[in-house]
Amino acid sequence: MKTHFIAIGGSAMHNLAIALKDKGYHVTGSDDAIFEPSKSRLEKKGILPGEMGWFPEKITSDIDAVILGMHAHQDNPELAKAKELGLKIYSYPEFLYEQSKDKTRVVIAGSHGKTTITSMILHVLNFHQKEVDFMVGAQLEGFDCMVKLSEDNDFMVLEGDEYLSSPIDLRSKFLLYQPNIALLSGIAWDHINVFKTFDDYMEQFRKFVASITAGGVLVYNEEDAEVVKVVESAENYFRKIPYKTPEYEIVNGKVHLKTEMGDVPLSVFGAHNLLNLEGARHICHTLGIMDEDFYEAIMSFKGASKRLERVEREDNGTLYKDFAHAPSKVKAAVKAFCEQFKNEKKYGFLELHTYSSLNPVFLEQYDHAMDGLDEAIVFYSEDALKIKRMEPISPELIKEKFKNENLKVFTNAEELHAYWNTLDKTEGVYLMMSSGNFGGLDLTK
């Protein structure tokens with residue numbers, strides 16, 4: 001099969017390209033900019049474009065599938081050529097469905113926790129050498145690629161994202177998967193540049209639940225009121241399996257899960273991670289993994305990349321980074337960090353980086369998000385606001401919205417770095433939350 005990727009360099013797109021190459025497909029692609037690690041990984045597989053840019057001449061009538069990434073625009077010249085030739089154009093999720101339509105599809109959805117839950121499930125299945133196809137949004141220990149596609153596997157585990165499918169397909173990605181087995185971890189308003197109201201955002205999850213195949217299964221977080229509303233309003237037939245935070249205790253800085261089989265020591269911490277673990281356990285059970293086998297495997301799970309991930313520092317200081325870029329994720333990460341390190345001085349750094357997090361209306365959602373930290377620092381770039389063509393935000397407004405008068409607010413990367421350099425990283429513990437990089441801050445030094 002001959003495939004061409006328009007915007008091959010994206011974190012999701014390049015993994016799919018590699019998976020198809022590994023499957024034996026003929027893969028080509030284009031992009032106007034490709035960064036690491038995508039660049040090196042594509043180059044290693046021999047599918048890195050020879051030069052950057054869009055080249056309509058690459059689009060030929062013998063291409064079986066054109067896969068369109070979100071990075072491309074509607075007026076992309078390669079897209080125009082593909083339309084002119086009448087080629088089949090797929091969005092990323094649409095093509096994944098095409099590859100898995102004859103398999104049992106397991107879709108993990110929710111505003112938060114979906115990457116970690118998907119990662120936990122794949123870790124357990126890999127531990128017990130259970131082969132499945134998959135797509136997950138984080139690099140996992142023991143896995144070379146974030147996408148795996150095969151002809152033989154019966155199951156495909158998919159991380160279900162509610163964001164748009166492609167520039168020409170404005171449906172939420174997870175609406176294209178038609179799950180046989182689904183999980184819904186939580187609902188908290190996000191992506192306000194696309195979903196202008198909370199109800200519009202909620203509607204995507206109502207549609208997702210409605211897309212579960214007849215007689216399917218939904219594992220859902222019964223502690224989330226919005227999730228419960230969506231589940232209770234569903235009119236289609238499926239089996240409902242609720243889950244909640246399991247009992248646990250922290251002994252000598254290590255979390256122990258309380259189970260019928262005794263205490264299970266874990267490598268992760270935080271109530272939200274234990275809630276995620278419980279959801280993963282139920283999904284694994286539907287895939288034939290017994291609880292005893294699940295607990296045996298999950299003890300060695302160290303977390304998904306950038307989700308409360310320990311950073312190895314030259315000075316051996318205690319520092320964790322987290323991808324937290326939405327209020328619910330920030331609150332969960334801070335709560336977990338404060339619980340885990342009760343007796344340490346706790347520093348928390350948050351970079352407001354996304355369109356939503358820089359919107360004054362959306363900032364209301366961050367109220368008390370940094371409470372419990374001894375030193376709370378928020379950074380956002382005034383230059384980023386200009387690039388996004390957004391109105392300036394004052395540090396005073398940030399303090400007001402966070403409801404934290406002691407908040408330190410930086411709008412200049414150099415000033416943030418100067419403050420960072422005054423801190424002795426061997427004193428106290430540090431939580432760094434961002435989907436960016438704090439203006440180029442090296443967390444290892």
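**Burial, pairing and salt bridges**

Visitor: What makes Asp169 buried?
Guide: Its relative accessible area is 12%. Buried means under 20%, exposed over 50%, partly exposed in between (1.4 Å probe, protein chains only). Asp169 is therefore buried. This is a predicted model, where local features need pLDDT of at least 70, side-chain atom pairs count only at pLDDT 80 or more, and totals for chains, interfaces and linings use all residues. Residues are numbered from 1 along each chain as its sequence is written, and side-chain values use heavy atoms, without hydrogens and water.

Visitor: Why is the contact of Arg171 and Asp169 called a salt bridge?
Guide: N to O is 2.8 Å. The definition asks for a side-chain nitrogen of Lys or Arg within 4 Å of a carboxyl oxygen of Asp or Glu. The pair therefore qualifies. Arg171 is partly exposed, at 44% relative accessibility.

Visitor: What separates Glu226 and Lys229 in helix 7?
Guide: About one helical turn, because they are three residues apart in helix 7 (residues 225–233). Helices are DSSP runs (H or I, at least four residues), strands too (E, at least two), numbered from the N terminus. Glu226 and Lys229 form a salt bridge, with closest N and O atoms 3.6 Å apart.

Visitor: How do you know that strand 5 is largely enclosed?
Guide: Five of its six residues (104–109) are buried, so the rest of the structure largely encloses strand 5.

Visitor: What makes strand 5 and strand 8 a pair?
Guide: Six bridges join them, and they run parallel. Pairing needs at least two DSSP bridges, so strand 5 and strand 8 pair. Arg105 has Met156 as its bridge partner in strand 8.
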